[in-house]
Amino acid sequence: MNSRESGLGAGDSTERMKRAPSPEPRAPSRLPRQVKLFGWVSLLNDFASEMIYPLLPAFITGVLGGGAQALGALDGAAEFAAAFVKLGAGRLADRARLRGPMIVLGYFIAVVVRPVIAVTGAAWQVIGLRVVDRLGKGLRTPPRDALIADVTPQELRGRAFGLQRGMDHAGAVLGPILAWWLLASRSANVRAVIAWSIVPGVVVVVLAAWAVRDGAATGGKGRQQAASASDPMPPSAAFYRPLPPTLFAISAFYLLRMPDTLIILRSQELGVPVTLVPLLWAAVHVVRSSSSFLGGAASDRLGPGQTMWVGWLVYAMLAVGMARAGTAAAAWGLFLALGLVSGLTESPERALVARLAGTHQGSGFGAYHGITGFAALVGGVALGGVFQRYGAGPAFLASAAAGLMLVLGWPLVSRNASPQVRG
């Protein structure tokens, strides 16, 4: 009797074990190693790039004799060149085997070209070299972002792009500080500082080659294909059907946003000395770096659409302040506050594109970078023309008014978009 009861008890226990639901797998909480490696690549690359960038307004207007419109054209033409390449690079980046060579070549072009700016003699030469530098950016950015999206679980993508953007901006802190030190302590001129940018650039190429080799070894597309297997909508439709109104709104922000070179020029007008511009630029990127991590986390929790909307609203208010500012202290405060805008918009934009692109991550990021780059060209030239003809106040007020219109129009755009966009 006892043995039968024991047997029945064992059988019942077995049946209960069979009927018990298996525990759900825990969501991953750590970012993949490739994401961290590309974070370091971005940090060192911006270290090299931002040794030069904050000095360009003084270099073009003071040394080479250019004007505000030349600065607007500098940013606009550079971003358009990158945008043009990104459209084609995005399609090529859908082929996983091409991503590594495209990423390394893109960084190599920038490393070789940037120091040549030191020997230029005219503004158009600086613009031309800056364009070639951005061609390298256009070649490397879609495959890099596609690789990051593919190796990262969807629920962590906001944080992944937040890390990449945060370390990118961290490098933009270190570069200007070194430039300031060279100018102030070593009595180096602007041309010498630009030439020194090749040193961290060489390290970038080596580290980028390591990062893409590590990404290839772990299999680039595994996560994305698995995530898309249950998607009821074909991958291409998941990206292209809901994206046009959303991408239109994001591009409108790039169209109306004041280029950084003109914000630097406005700061100089308000009394910030040229020798302190690298420190101001470094401080701005401290804000951008820290807010990028917060923006990525907010995108994962609140949704990319809501996070971007807050960034646009902050920009519109601060652009009004920049138009009305009258002191160097105001320039410092407002420029630092504008750093929040990048943190609240860049990571959510990329997380949104990654959600909508399906298995076509390369094409998705190519379209995003390409169209926003074209918008930046048109906006940079137009705002630079207003700045030069009518002054900084009207230019910033026009930018702020357009930003406010975007803030008011976004609810209408997002209402007709998919839930992926809204939340």
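Guide: For sorting lining residues by class, Ala, Val, Leu, Ile, Met, Phe, Trp, Tyr, Cys and Pro count as nonpolar, Asp, Glu, Lys and Arg as charged, and the others, Gly among them, as polar. The model is predicted, so to speak of local features requires pLDDT of at least 70 and side-chain atom pairs count only at pLDDT 80 or more, while totals for chains, interfaces and linings use all residues. Residues are numbered from 1 along each chain as its sequence is written, and side-chain values use heavy atoms, with hydrogens and water left out.

The part to examine is the largest cavity, together with helix α6, which contributes to its lining. The search runs on a 1 Å grid over the protein atoms alone: a cavity is a set of points where a 1.4 Å probe fits but cannot get out, whereas a pocket is an open set with protein on both sides within 12 Å along at least five of seven lines, and a lining residue has an atom within 4 Å of a point. Grid points are joined across faces, edges and corners, and the volume is the space filled by probe spheres set on the points.

Across the whole structure, 2 cavities of 30 Å³ or more are found. The largest cavity holds about 880 Å³ of space. Its lining comprises 37 residues, and those closest to the centre are Glu79, Arg134, Lys137, Asp260 and Glu346. By class, this lining divides into 17 charged, 12 polar and 8 nonpolar residues. Helices that each supply at least two of its residues are α2 (33-49), α4 (68-93), α6, α7 (157-185), α14 (277-302), α16 (328-356) and α17 (361-390); helices here are DSSP runs of H or I with at least four residues, numbered from the N terminus.

The second largest cavity holds about 30 Å³. Arg257, Asp260, Ile263, Arg288, Tyr315 and Leu338 line that space, and they divide into 3 nonpolar, 3 charged and no polar residues.

Helix α6 covers residues 123-151 and has 29 residues; from its first C-alpha to its last it reaches 42 Å, close to the 42 Å expected, where the expected span is 1.5 Å times one less than the number of residues. There is a bend of about 30° at arginine 140, and proline 142 follows within four residues; the bend is the angle between axes fitted to the seven residues ending at a position and the seven starting there. Of the 29 residues of α6, 23 are buried, buried meaning under 20% relative accessible area, exposed over 50% and partly exposed in between, with a 1.4 Å probe and protein chains only.

Side chains of opposite charge can pair when their charged atoms come close. A salt bridge here is a side-chain nitrogen of Lys or Arg within 4 Å of a carboxyl oxygen of Asp or Glu, and the structure holds 11 of them. One of these lies within the neighbourhood just described: aspartate 133 pairs with arginine 134, their closest N and O atoms being 3.7 Å apart. Aspartate 133 is buried at a relative accessible area of 2%, and arginine 134 is buried at 8%. Both residues belong to a salt-bridge network that links Arg114, Arg130, Asp133 and Arg134.

A further salt bridge joins arginine 99 to aspartate 150, with the closest N and O atoms 2.8 Å apart. Because arginine 99 lies in helix α5 (residues 96-113) and aspartate 150 in helix α6, this pair ties together parts that are 51 residues apart in sequence. Arginine 99 counts as buried at 2% relative accessibility, and aspartate 150 counts as buried at 0%.

Elsewhere, arginine 266 and glutamate 269 meet in a salt bridge at 3.5 Å, N to O. These two are 3 residues apart in helix α13 (residues 260-269), so about one helical turn separates them. Arginine 266 counts as buried at 10% relative accessibility, whereas glutamate 269 counts as partly exposed at 47%.
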